[in-house]
Every structure is written in structure tokens, then in C-alpha cells.
Amino acid sequence: MDFGKFIYEKAKKEREAKKTQTKIEIKEIRLRPKTNGAHRGFKVDDARRWLNQGHKVRVTIKFRGREMDYPEIALEDLREIVQDLVDVAVVEVPPQMEGRTMLVVLVPAKVAAKKKERASRPKLRAKRLLKRSKVSNRLIVCGCG
């Protein structure tokens, strides 16, 4: 094969792969422990819109000064936000502290369901192949076919 043709074929495959891939953005809402309910409501509405569009959402609560002594306030805020979004989102990363911030990452519920479905598919396929091998009394070595 000609080297020029090889490079052309490789570039063509990369272009095709790029057309089919989707880029998942991580949107972020930033809060403080003293953020009131009305402002938090606006942020939750934004997060709901982003989750419906298929984006991941990172909810960050930043601590300043003596607020670090009361992380349970922020944890309660994060739990309330997750409860507000439970119909459209699933928690990917549970609430955790990173320095002066506490965060949680949410993914759209339909994306999480698809991942679980994909994870279970190879097992079903392997079971079907195993049944075929028992019928024909042949041993299938690879998982292809």
C-alpha cells in the first residue's frame, strides 16, 4: 500500500469517528453555605435545564473563614439540591470535600440508565454464545460472533 494512501485512509477514519462522537460538557453551579433558597432555586433550575440537554452538572459549595467549621450545612444544601433534581439526575460522585469546597457531580438519568444497559449487554451476549456452543457441542474460545 502506498504511504500517501495510508495517511489518507487514516485521516478519513478519524473524520468519520469525529462525526459520531459526542462531547459531554460539565456545567457547574457555585454556591456558598449562606446562599438563600431563592437564589439556590434559580441555580437548580439552570442545572435541571442542563441535565435535560444531556450535560453533567457539578454543584460546588465554597467555604470561607469560619464556614469551614460547619460542613454539615453545606452537606444538607447538597442533599436538598439532589432531592430537587432526583427526577432528572443520578449522583455520579457523592458529596466530598476538596480543600475549601464541597462538591457533588450529577449526570442525566437517561445517560446513567444507558450505561447500565450497555454494561449488562456483553453478559447476555456471552450467555447466548454459551447456549449455542452447548447445542452444537463446540467450544467457543473468543467472545466474537
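At 29% relative accessibility, R32 counts as partly exposed, a label for anything between buried (under 20% relative accessible area) and exposed (over 50%), worked out with a 1.4 Å probe on protein chains only. Keep in mind that this is a predicted model, where local features need pLDDT of at least 70, side-chain atom pairs count only at pLDDT 80 or more, and totals for chains, interfaces and linings use all residues. Residues are numbered from 1 along each chain as its sequence is written, and side-chain values use heavy atoms, with hydrogens and water left out.

So who does R32 team up with? Its side chain meets that of E67 in a salt bridge, 2.6 Å from N to O; the term stands for a side-chain nitrogen of Lys or Arg within 4 Å of a carboxyl oxygen of Asp or Glu. R32 sits in the loop between strand 1 (26-31) and helix 2 (37-53), while E67 sits in the loop between strand 2 and helix 3 (71-84), so the pair ties together parts that are 35 residues apart in sequence. Those helices (H or I, at least four residues) and strands (E, at least two) are DSSP runs, numbered from the N terminus. E67 itself counts as buried, at 10% relative accessibility.

Another salt bridge joins the side chains of E80 and R40, at 2.9 Å from N to O. Here E80 is in helix 3 and R40 in helix 2, distant parts of the chain 40 residues apart. E80 is partly exposed at 31% relative accessibility, whereas R40 is buried at 15%.

## K56 and the strands

Now over to K56, which belongs to strand 2 (residues 56-62). K56 is buried, with a relative accessible area of 18%. What does K56 touch, leaving aside its neighbours within four places in sequence? The list runs I24, E25, I26, K27, E92, L106 and V107, with contact meaning heavy atoms within 4.5 Å.

One of those, E92, pairs up with K56 in a salt bridge of 3.3 Å, N to O. Since E92 is in strand 3 (residues 89-98) and K56 in strand 2, the pair ties together parts that are 36 residues apart in sequence. E92 is partly exposed, at 36% relative accessibility.

## The whole picture

How many salt bridges does a search of the whole structure find? It turns up nine.
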